[in-house]
Amino acid sequence: MIASNRGPVSFTLSEDGALTMRRGGGGLVSGLSEVARDAELLWVCAALSDGDRSAARLAPGGRLDEAGYDTGPLRMLDIAPAVFHRAYNAVANSTLWFVSHLLYNTPFTPHFDGRFQREWESYQDYNGAFALALAEDAGHEARVMIQDYHLSLAPAMLRVERPDLRIAHFSHTPWAPPDYFSVLPDEVGVEILEGLLGADHAGFLTARWADAFMDCCETILGARVDRASRTVAYQDRTTRIGVHALGVDGPALRARAAEPDVESHLQVIKEQVGDRRLIVRIDRTELSKNIVRGMAAYREFLAEHPEWHGKVVHLAFAYPSRHDLPEYREYTAAVQRCAKEIEDEYATDDWDPLILNMNDDYPRSLAAYRLADVLLVNPIRDGMNLVAKEGPILSPRCALVLSREAGAAAELGADALLVNPFDVSGTATALHDALVMPEQERMTRATRLRAAATALPPQRWFADQLHALA
């Protein structure tokens with residue numbers, strides 16, 4: 001069984017009440033969807049929208065596959081909208097995400113008061129709903145794989161309901177070191193750590209994030225940590241800590257990128273860019289993705305290297321993210337302002353130095369990968385970042401400018417141009433170095449990047465965790 005906040009499909013509700021199903025978004029869904037088609041499993045997720053809730057209510061027990069949808073075995077939980085909003089927006093996305101990515105402006109935030117206590121209770125209820133659903137549907141001694149920071153309490157809750165189950169939890173985000181994790185209220189931090197330690201196996205994308213989790217368990221809980229064997233002993237249980245890097249299914253990605261809808265976008269981009277060199281970024285307008293500093297670096301590159309004027313285009317896809325949170329609306333506006341400033345300063349009648357597109361379009365993203373000379377991936381902090389792996393797979397000569405704070409740097413750093421995500425001037429220099437890189441070096445690096453990016457595809461990532469639960 002798989003449990004995650006977001007499921008493999010989402011629904012939109014038209015004015016006449018008709019439901020339209022489409023592929024779910026996000027990197028987690030992309031990775032899990034690859035293995036779900038080939039495995040015997042039941043996926044449990046939350047209804048995120050009014051369309052999702054309508055579909056879940058019309059299906060027996062929320063089982064969409066039993067209602068005739070081509071989803072594979074899927075149960076969608078219709079959690080009360082107010083509870084979901086507080087658990088998802090106020091706690092998961094506005095608190096836990098900020099802690100794991102070190103995003104707080106600490107003179108002003110966080111601010112944990114009586115309102116947060118009510119929000120935390122909703123987060124507990126949300127996790128409890130998943131734990132009960134999993135307990136109901138799991139067969140005897142089933143293996144249950146719970147995903148990400150939305151469901152950090154669910155392993156311990158499920159352990160109480162069904163001690164016979166083998167339970168894993170996987171964190172797709174970074175993990176904060178103890179001194180930053182401790183910004184959480186003491187009892188909340190303890191509950192999160194104890195929640196994950198309810199699992200038999202707690203997985204992380206890199207050794208760095210796994211080590212930070214073990215440090216928190218030792219410092220905050222007083223747990224016994226064996227770093228050599230990667231185990232945490234706490235109260236009467238021992239949890240194994242695993243490192244499972246998530247890669248990309250290269251053949252599947254290349255096949256998708258060769259389809260007609262991608263080819264049509266390819267021609268449009270070629271017409272826009274002409275024979276100029278192309279710097280590509282593909283991100284959500286997520287605070288941790290560092291889009292504004294990336295654009296500032298491109299602007300500084302143009303200022304320092306007038307010889308590139310008219311010869312390079314920065315194609316920036318910044319897709320909407322969490323617009324119900326004010327911080328994200330403000331960040332999206334900042335991205336748009338920065339793009340306009342670059343256009344105002346450098347654009348000519350026959351050259352658009354920066355093309356910003358904020359309409360989510362997966363085939364167009366694949367087309368951009370194929371044409372990229374340089375891929376810019378400069379997050380402040382990222383659990384992995386699959387964009388850094390997808391680009392080199394589709395572009396045979398792509399130079400990768402990569403933040404050292406991305407989890408992917410552990411695997412790709414030797415052949416990428418690593419940057420400090422806060423160093424705008426350093427990133428500008430890396431963009432220039434990527435553009436002028438000798439062709440043979442570019443091809444050699446790209447070949448090694450492709451090998452590293454496809455070394456641990458989703459099927460192996462999933463199988464390794466199942467094996468760890470055996």
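1. Two strands are taken to pair if DSSP finds at least two bridges between them. Strands (E, at least two residues) and helices (H or I, at least four) are DSSP runs, numbered from the N terminus. By these criteria β15 and β16 pair in the parallel sense over four bridges, and Leu 402 in β16 is the bridge partner of Val 377.

2. The model is a predicted one, in which local features need pLDDT of at least 70, side-chain atom pairs count only at pLDDT 80 or more, and totals for chains, interfaces and linings use all residues. Residues are numbered from 1 along each chain as its sequence is written, and side-chain values use heavy atoms, with hydrogens and water left out.

3. The sheet to which these strands belong is open and has six strands, in the order β14-β13-β12-β15-β16-β17, with parallel pairing. Its edges are β14 (354-357) and β17 (417-419), each of which pairs on one side only. From one strand to the next the twist averages 15 degrees.

4. Strand β12 (residues 277-284) has two partners to note. With β13 (residues 312-319) the pairing is parallel over eight bridges, and Arg 281 stands opposite Ala 316 in β13. With β15 the pairing is also parallel, over two bridges; there, Val 374 in β15 is the bridge partner of Ile 279.

5. Helix α14 (residues 387-394) packs on the sheet, where it touches β12, β15 (374-377) and β16 (399-403). Contact here means heavy atoms within 4.5 Å. The direction of α14 makes about 175 degrees with that of β15; axes are lines fitted to C-alpha atoms, for helices over the stretch in contact, and angles run from 0 to 180 degrees between N-to-C directions.

6. Buried means under 20% relative accessible area, exposed over 50%, and partly exposed in between (1.4 Å probe, protein chains only).

7. Helix α8 (residues 207-221) has 15 residues and reaches 20 Å from its first C-alpha to its last, close to the 21 Å expected, the expected span being 1.5 Å times one less than the number of residues. Its buried residues, among them Trp 209, Phe 213 and Leu 221, pack against elements including α7 (186-196) and β11 (237-243). Gly 222 follows α8 and has a positive phi, near 70 degrees.
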